[in-house]
Amino acid sequence: MGGTEHLTVRREGATLVLTLNRPEAKNALSLPMLVGLYDGWIEADEDDAIRSIVLTGAGDAFCAGMDLKALAGRGMEGQQYRDRLKADPDLHWKAMLRHHRPRKPVIAAVEGHCVAGGTEILQGTDIRVAGESATFGLFEVKRGLFPIGGSTVRLQRQIPRTHALEMLLTGRPYSAREAAGIGLVGHVVPDGTARHKALEIAELINACGPLAVEAVKASVYETAEMTETEGLAAELTRGWPIFDTADAKEGSRAFTEKRPPVYRRA
């Protein structure tokens, strides 16, 4: 199990919990954090025992965006991270889920600030839970910057375009309730309970057939921009093989026998 000084990794059953861990800086993105995130996504992809991922932040924030000073590095203590970035110049985009989509479902548990780069990472997650006091927003235009983490492409595909453009062009903050109202997050829960709710959802996913879960997630994303006819054809290609798996047979047997299924990814 990996992790860095700014990204903690732990297992909770079949769920991998990744925690952005710079609470003194509202978990602003640093190079150690990005390297840890990327390694976490790869660990989840490669370990069949992991069936879901929860992404959250330490302290009273999710992520306040990019910390340019921290990304520049100080002294030789960060040399190993700069070497990683040099070896893979795309690593930071993969870490932020711009150029990488994990095979397993990713559930965001948001408390406090989730702004700028935080809201951009959020758009790469699959299911989103927010504490009542959470704040969202893309502040880049207010600073004369561009939200280059994917927001001008993804946001309009995830929420109505009028709301996407308002968020992108005004740079104003959004409350958790407003974010839920426009469809950016799916659940608003009492402060301090977002992680608990996210783990509850993860447990529901973990109880399902892992091959089916991964195939369903892949189908949703790969058909998103297809025509209905193309999408239905792609769905059959992706979905039919699942019916021939041992997991599918186990699921049917367990339903008939009125017992919990035991899936083995076969």
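Colleague: Which residue is the bridge partner of C114 in β8?

Modeller: The partner of C114 in β8 is F136. This is a predicted model, in which local features need pLDDT of at least 70 and side-chain atom pairs count only at pLDDT 80 or more, while totals for chains, interfaces and linings use all residues. Residues are numbered from 1 along each chain as its sequence is written, and side-chain values use heavy atoms, with hydrogens and water left out.

Colleague: How many bridges join β6 to β8?

Modeller: There are 3 bridges between β6 (residues 113–115) and β8 (residues 135–137), and the two strands run parallel. Strands (E, at least two residues) and helices (H or I, at least four) are DSSP runs numbered from the N terminus, and two strands pair if DSSP finds at least two bridges between them. Both strands belong to an open sheet of 4 strands with mixed pairing, in the order β4-β6-β8-β9, whose edge strands, β4 (61–63) and β9, each pair on one side only.

Colleague: And how do β1 and β2 run?

Modeller: Strands β1 (residues 7–12) and β2 (residues 15–20) run antiparallel and are joined by 6 bridges, with V9 opposite L18 in β2. They form a hairpin with 2 residues between them, and G13 in the turn has a positive phi of about 65°.

Colleague: Switching to helices, which residues of α7 are buried?

Modeller: In α7 (residues 161–170) the buried residues are A164, M167 and L168, where buried means under 20% relative accessible area, exposed over 50% and partly exposed in between, with a 1.4 Å probe and protein chains only.

Colleague: Why do you say they line one face of the helix?

Modeller: Looking down the axis of α7, the buried residues fall within an arc of 95°, so they line one face; the arc is that of the directions from the helix axis to the C-beta atoms. An α-helix has 3.6 residues a turn, so residues three or four places apart point the same way. The buried residues of α7 pack against α5 (117–122), α6 and β9 (174–175), whereas the face turned away from the buried side carries the exposed T162 and L169. After α7 comes G171, with a positive phi near 65°.

Colleague: What about K197, which helix is it in?

Modeller: K197 is in α9 (residues 194–206), and because its relative accessibility is 24%, K197 counts as partly exposed. Leaving aside neighbours within four places in sequence, K197 is in contact (heavy atoms within 4.5 Å) with V129, H187 and V189. R128 lies 69 residues from K197 along the chain, with 9.9 Å between their C-alpha atoms.

Colleague: What is the volume of the largest pocket?

Modeller: The largest pocket has a volume of about 470 Å³, and of its 22 lining residues the closest to the centre are R101, Q123, R154, Q158 and Y221. Here a pocket is an open set of points on a 1 Å grid over the protein atoms alone, with protein on both sides within 12 Å along at least five of seven lines, a cavity is a set where a 1.4 Å probe fits but cannot get out, and lining residues have an atom within 4 Å of a point. A volume is the space filled by probe spheres set on the points, which are joined across faces, edges and corners.

Colleague: Which element gives that pocket the largest share of its lining?

Modeller: Helix α6 does, with 4 residues.

Colleague: And how many cavities of 30 Å³ or more are there?

Modeller: The search of the whole structure finds 1; the largest cavity has a volume of about 50 Å³. Its lining includes I50, K104, C208 and R265, and α10 gives the most to that lining, with 3 residues.
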